[in-house]
Amino acid sequence: MRRPPMRLTLVLAAAMLGVSVMGVGLVRAATYSEPSAGPIVVPSDQKLVPADGTTGSCAGAPVQAERELRGMWLTTVMNIDWPSRPGLPEAQVKAEYLKWLDLAVARRHNAIFVHVRPSGDAFWPSAYAPWSEWLTGKRDGRSPGWDPMEFMVAEAHARNLEFHAWFNPYRGTQPGPDGPGADFSKLAPNHPLLKHRDWAIAYPDGKTARLYFDPGNPAARKFVEDAMLEAVAKYDIDGVHFDDFFYPYPEGGGSTFKDDASFAKRTDKSLSRAAWRRANVDTLVHEMSERIKQLKPWVKFGISPFGIWRNKTTDPSGSDSHGLESYDAQFADTRKWVRQGWLDYVVPQLYWAIGFDKADYAKVLPWWVQTVKGTEVQLYVGQGDYRVGEKGPWKQPDQLDRQLALNDRYGVQGSVHFSAKQVQADKLGSVTRYTTNHYAGPALLPTMKKLPLEPPGTPRATAARRTGSTVTIEWQAGAGPEPVSWALYRVDTATPQKAALVATGRRGSQDVVDPTPPAAEATYCLSGLDRSGNESPLSSPVSVSP
């Protein structure tokens, strides 16, 4: 990404100022303002309706379960997160990946977003792309001798984590000297842009150039769609995920994106270049949305765009911000994609502090809340864990904690943290702080009405027994569809007024266990869930003695 994504170019004075690139092109905010004092009041008409939760009771106590997506991005490009360096042996790559999954579980996440197509390459055996050099350490296109995607998906599911395969559609290479740049002689011999040089556009000019698949070339667009859909067809992924890279972010030095040839061939000659570019990206998003659902209706499609669509000084429909506008700079009409229902979820990258004058988190967030309201598109927020420790308000360890509190007040349905290495680093104790305050217990994924509905039958809990420091529940599936996962609820004698969600898991990969039972008597009820998070009725209660 990325990110890493986040390219942020802000308006300073009257001009747009590009700010420094962090290694892989992550652009940060240039100027900071101290956060404004006082509580933030959320108007009731701006709040989202929370996702449908669990209903019913256990031993007379109403059940309580959080419904939100909690995830982190695992970045492979330039080995930002994983693998730790290119060319490692299979056993080490696998061991490192499992440690990232362990981190996700420890932080009570329920999803992981893994970078599987960073730059026209692949982390799976692909007929459309060479093997990623960030895995193999080489640009020869040769197989490492194993299937990372198959392993990654299976191990994520074993821990009941959703697996979202993260793709960069149009990036063909990374800039030199770490990547091949725009030098065709440095590409893997099976790189598609060697065979189809008319699909390739180099941008920007000079040493930092990289190759892009031309978004305005229908054959190139169809090819990159097919390349991504190959992974959807071959693997049991839960989501297809794009970040904010469509047309490239503007670079200085007078470079232009040289798409004259494809622009001259456009069907609608009345379109300006900007409108034509937006239409090209619209087509990619719309076609991917339709083709994913035709192939596997249960697979989610989501995009993590730059956090500003347009500023309201440019467009009255825009946000109260003063930064780069993705609609005009990248030709990404993110608002349209939401309103048209082409996405299942959207994860705007809100990598700014509360009170930042150019793009205030507390002002941009409600714009996104209003944008998804009335649609079936779920709103998650891309959280800037990597910013912690920077100057200004990011020196305060509670910045992310405050942002998540604001998300809660607005009814936001989840967060994705950039990136895994920053979640692990826990700078200033900020991750521990927001985990304690917002991820204290497990959470179920929000249900999506757009996805197939196949809730399992009521499971039958037959016994509860203490096994050392845990409690194991013996159970049988009920009639109807087989459950994909399970949720365990507990009523304590100390708090008999509620049945709290205490554990979740994947059926077939682990026993149903309460990892932290009370020493006193406890009562349990179990539910089954389908792969879309739709829940069965609760089982009859079973109890365990001290």
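Modeller: A nonpolar core is a set of buried Ala, Val, Leu, Ile, Met, Phe, Trp, Tyr and Cys residues joined through side-chain atoms within 4.5 Å. The structure considered here is a predicted model.

Biologist: Which residues touch the most other members of the largest nonpolar core?

Modeller: That core holds 111 residues. The members that touch the most others are Y97, V116, F163, V240 and F242.

Biologist: Which helix gives the most residues to this core?

Modeller: The core draws on helix α10, residues 361-372, for 8 residues.

Biologist: Is A362 buried or exposed?

Modeller: A362 belongs to helix α10. Beyond residues up to four places away in sequence, A362 touches I40, I354 and L406. Its relative accessible area is 13%, and because a residue under 20% counts as buried, A362 is buried.

Biologist: How are the axes of α11 and α13 oriented, roughly parallel or roughly antiparallel?

Modeller: The axes of helix α11 (residues 399-410) and helix α13 (residues 430-438) come within 8 Å and cross at roughly 30°. Angles under 35 degrees count as roughly parallel, and therefore α11 is, relative to α13, roughly parallel.

Biologist: How many residues of the contact of α11 with α13 are nonpolar, polar and charged?

Modeller: On the α11 side the contact involves L400, D401, L404, A405 and D408, and on the α13 side S430, R433, Y434, N437 and H438. These residues divide into 4 nonpolar, 3 polar and 3 charged.

Note on methods: Residues numbered from 1 in each chain as written. Predicted model: local features only at pLDDT ≥ 70, side-chain atom pairs only at ≥ 80, totals over all residues. Heavy atoms only, no water. Axes fitted to C-alpha atoms, helices over the stretch in contact; angles between N-to-C directions. Helix = DSSP H or I, 4+ residues; strand = E, 2+ residues; numbered from the N terminus. Parallel < 35°, antiparallel > 145°, perpendicular 65-115°, else oblique. Contact = heavy atoms within 4.5 Å. Nonpolar A, V, L, I, M, F, W, Y, C, P; charged D, E, K, R; others polar. Buried < 20%, exposed > 50% of the residue type's maximum accessible area, 1.4 Å probe, protein only.
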